[in-house]
Amino acid sequence: MKAKSVLARERLQHFKDTMSPLDGGAIALNFVNTLKDRGSENPKDFLTDYEDFLYWCNRAGVIAYDHYQAISLEAYCYVSEAKAAFQQVITSRFMLHQIFLSLIKAEPADEIFVREFNSGLDASAKSLRYESTSDGWQLVWLNIDEEILLPLWIVLRSAAELLLGANPKRIKQCKTCGSLFLDRTKNNARRWCNQTTCGRIPSDKRYYKIRKGVKTEVNYPKTYEVLKTS
Ligand SMILES: [Zn+2]
């Protein structure tokens, strides 16, 4: 096994080359967008293992650097737990993508995803506690310094806040690459995840053209085969 310092150096270089863009305007949407160009024949996945996800969480503002280091060490020591957590990450990313797509289409989300979403939030609730301070009440995380699932819980809770708090008409899909984003502009007229990269692509290369002829059925990850029949 390579030393952790060597792995960290290699990881840093890997991320300098491959960090996914943070154009979604919200943590949950940036997370969904770590799988890019889903409708094309060559989708790009920026997350290949748990450490990728953890590093992304630090860069995307989900967890602070000292927390990233503590959880990273935990994942390094408990490889099978980190692998299982990563499977949950990928399943959750798929679920959130489906949930936000339903919202964009003004349709109710599939019951499988609603159930999965609630169960993720339930798991996170066990580490949350309301506390009273001189500044008022706060919701704080408890005993999570080495909790491998904490970053995913934070992403799920930010998704819940977005689903309840944002105007659904402001959650959109980029017309060029299919990424999701929250439109924070005054007149709600944003059409692309990134004006510079996606806004300049000629119309004949855009998402609806890329999707043409590409199969449109939902490809459920293996983990959902279990959920579908339960
Ligand atoms: Zn785009």
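Predicted model: local features only at pLDDT ≥ 70, side-chain atom pairs only at ≥ 80, totals over all residues.
The protein has 230 residues, and 30% of them are buried. Its secondary structure comes to nine helices and six strands. Of the contacts between residues at least 6 apart in sequence, 63% join residues at least 24 apart.

**The nonpolar core**

- In soluble globular proteins, nonpolar side chains tend to be buried together.
- Here, the largest nonpolar core contains 45 residues.
- A28, F53, L96 and V155 are the residues with the most contacts inside this core.
- Several elements each supply at least two residues of the core: the helices α2 (27–32), α3 (50–59), α4 (65–77), α5 (79–104), α6 (111–125) and α7 (150–165), along with the strand β6 (180–182).
- The largest share, nine residues, comes from α5.
- What does F53 touch, once its neighbours within four places in sequence are left aside? F53 is in contact with L47, F86, V89 and P151.

**Helix α5 beside helix α7**

- Two packed helices are described by the angle between their axes and the distance between the axes.
- For α5 and α7, the angle is about 10° and the axes are 11 Å apart.
- That angle makes α5 roughly parallel to α7.
- On the α5 side, the contact involves A85, Q88, V89, S92, L96 and L103. These meet L152, L156, A159 and L163 of α7.
- By type, the residues of this contact divide into eight nonpolar, two polar and no charged.

**Helix α5 beside helix α6**

- The pair α5 and α6 packs at an angle of about 125°, with axes 10 Å apart.
- Are these two helices parallel, antiparallel, perpendicular or oblique? With that angle, α5 and α6 are oblique to each other.
- The crossing of α5 past α6 is left-handed.
- From α5, the residues making the contact are S92, M95, Q98 and I99, and from α6 they are F113, E116, F117 and G120.
- This contact divides into four nonpolar residues, three polar and one charged.

**A buried serine**

- S72 sits in helix α4.
- Is S72 buried or exposed? S72 counts as buried because it has 21 C-beta neighbours inside 10 Å, and the cut-off for buried is 20 or more.
- Leaving aside neighbours within four places in sequence, S72 is in contact with E51 and L54.
- S72 and Y50 are 22 residues apart in sequence, and their C-alpha atoms are 9.0 Å apart in space.

- Most residues other than glycine have a negative phi.
- A106 is not a glycine, yet its phi is positive, at about 55°.
- You can find A106 in the loop between α5 and α6.
- A106 is exposed, since 8 other C-beta atoms lie within 10 Å and 12 or fewer counts as exposed.
- N143 also has a positive phi, near 50°, and is a residue other than glycine.
- N143 belongs to the loop between β4 (136–141) and α7.
- With 9 C-beta neighbours inside 10 Å, N143 counts as exposed.

Key: Residues numbered from 1 in each chain as written. Core = buried A, V, L, I, M, F, W, Y, C linked by C-beta atoms within 7 Å. Helix = DSSP H or I, 4+ residues; strand = E, 2+ residues; numbered from the N terminus. Contact = placed C-beta atoms within 7 Å. Axes fitted to C-alpha atoms, helices over the stretch in contact; angles between N-to-C directions. Parallel < 35°, antiparallel > 145°, perpendicular 65-115°, else oblique. Left-handed = near helix turned anticlockwise from the far one by under 90°. Nonpolar A, V, L, I, M, F, W, Y, C, P; charged D, E, K, R; others polar.
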